[in-house]
Amino acid sequence: KWKQLNTEYNVSAMKFLQTEDYETALDLLNRAKQLITADVKFGEQDDRRKLLAITYNNMSCIYKRRGLLKTALSLAKKALQLETESTKADNPACTHLNLCAI
């Protein structure tokens, strides 16, 4: 269930990004991040790395859109690092594209 909730937070956040409601989008992504980084660890470490990478990647999109490029770049780099450490990361190319766009 925690993976599904994390995914729903990320998907909803990207919908709010499209409507330029950045505060709500970041709130949802911070909730997704808290699910993964809480003291109580759910699931396998690789699953957590993959989902945290997705969350950081989505956060970088928001900060890029707001013109906060250093923050966006930092988050995209964190996402890429997590993806290289995870055997379950299925789309690191997306993170590379985000890095290029920043």
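How much accessible surface does the protein have, and what share of that surface belongs to carbon and sulfur atoms? Hi everyone, let's start there. The accessible surface comes to about 6,100 Å², and 52% of it belongs to carbon and sulfur atoms. Those areas come from the Shrake-Rupley method with a 1.4 Å probe, and for residues only the protein chains shown count as cover.

A quick word on the model before we go on. It is a predicted one, where local features need pLDDT of at least 70 and side-chain atom pairs count only at pLDDT 80 or more, while totals for chains, interfaces and linings use all residues. Residues are numbered from 1 along each chain as its sequence is written, and side-chain values use heavy atoms, with hydrogens and water left out.

Now the overall fold. The protein has 5 helices and 0 strands, so from the N terminus you read α-α-α-α-α. Helices here are DSSP runs of H or I with at least four residues, strands are runs of E with at least two, and both are numbered from the N terminus. The radius of gyration is 13 Å, close to the 13 Å of the globule rule for 102 residues, so the protein is as compact as a globular protein of that length. That radius is taken over C-alpha atoms, and the rule is 2.2 Å times the number of residues to the power 0.38. Along the principal axes, the C-alpha atoms fill a box of roughly 35 × 25 × 20 Å.

What about the inside? Of the 102 residues, 37% count as buried. Buried means under 20% relative accessible area, exposed means over 50%, and partly exposed is in between, using a 1.4 Å probe and protein chains only.

Which residues touch the most other members of the largest nonpolar core? Out of 22 residues, they are Ala13, Met14, Leu29, Tyr56, Met59 and Ile62. Helix 1 (2-18), helix 2 (22-37), helix 3 (45-65) and helix 4 (69-85) each give two or more residues to this core, and helix 2 gives the most, with 8. By nonpolar core I mean a set of buried Ala, Val, Leu, Ile, Met, Phe, Trp, Tyr and Cys residues joined through side-chain atoms within 4.5 Å.

Have a look at leucine 29. Setting aside neighbours within four places in sequence, its contacts are Asn10, Ala13, Met14, Thr55, Asn58, Met59 and Ile62. A contact means heavy atoms within 4.5 Å.

Next is isoleucine 36, in helix 2, buried at 4% relative accessibility. Its C-alpha is 6.7 Å from that of leucine 52, 16 residues away along the chain. Beyond four places in sequence, isoleucine 36 touches residues including Trp2, Asn6 and Leu51.

Is aspartate 47 buried or exposed? This residue of helix 3 is buried, with a relative accessible area of 10%. Not counting residues up to four places away, aspartate 47 touches Trp2, Lys3 and Lys88. Aspartate 47 and lysine 3 are 44 residues apart in sequence, yet 8.4 Å apart in space, C-alpha to C-alpha.

Threonine 95 takes us to helix 5 (residues 92-101). At 0% relative accessibility, threonine 95 is buried, and its contacts beyond four places in sequence are Asn57, Ala76, Ala79, Leu80 and Glu83.

Last stop: glutamate 20, in the loop between helix 1 and helix 2. Glutamate 20 is exposed, at 53% relative accessible area, and has a positive phi of about 65 degrees although it is not a glycine.
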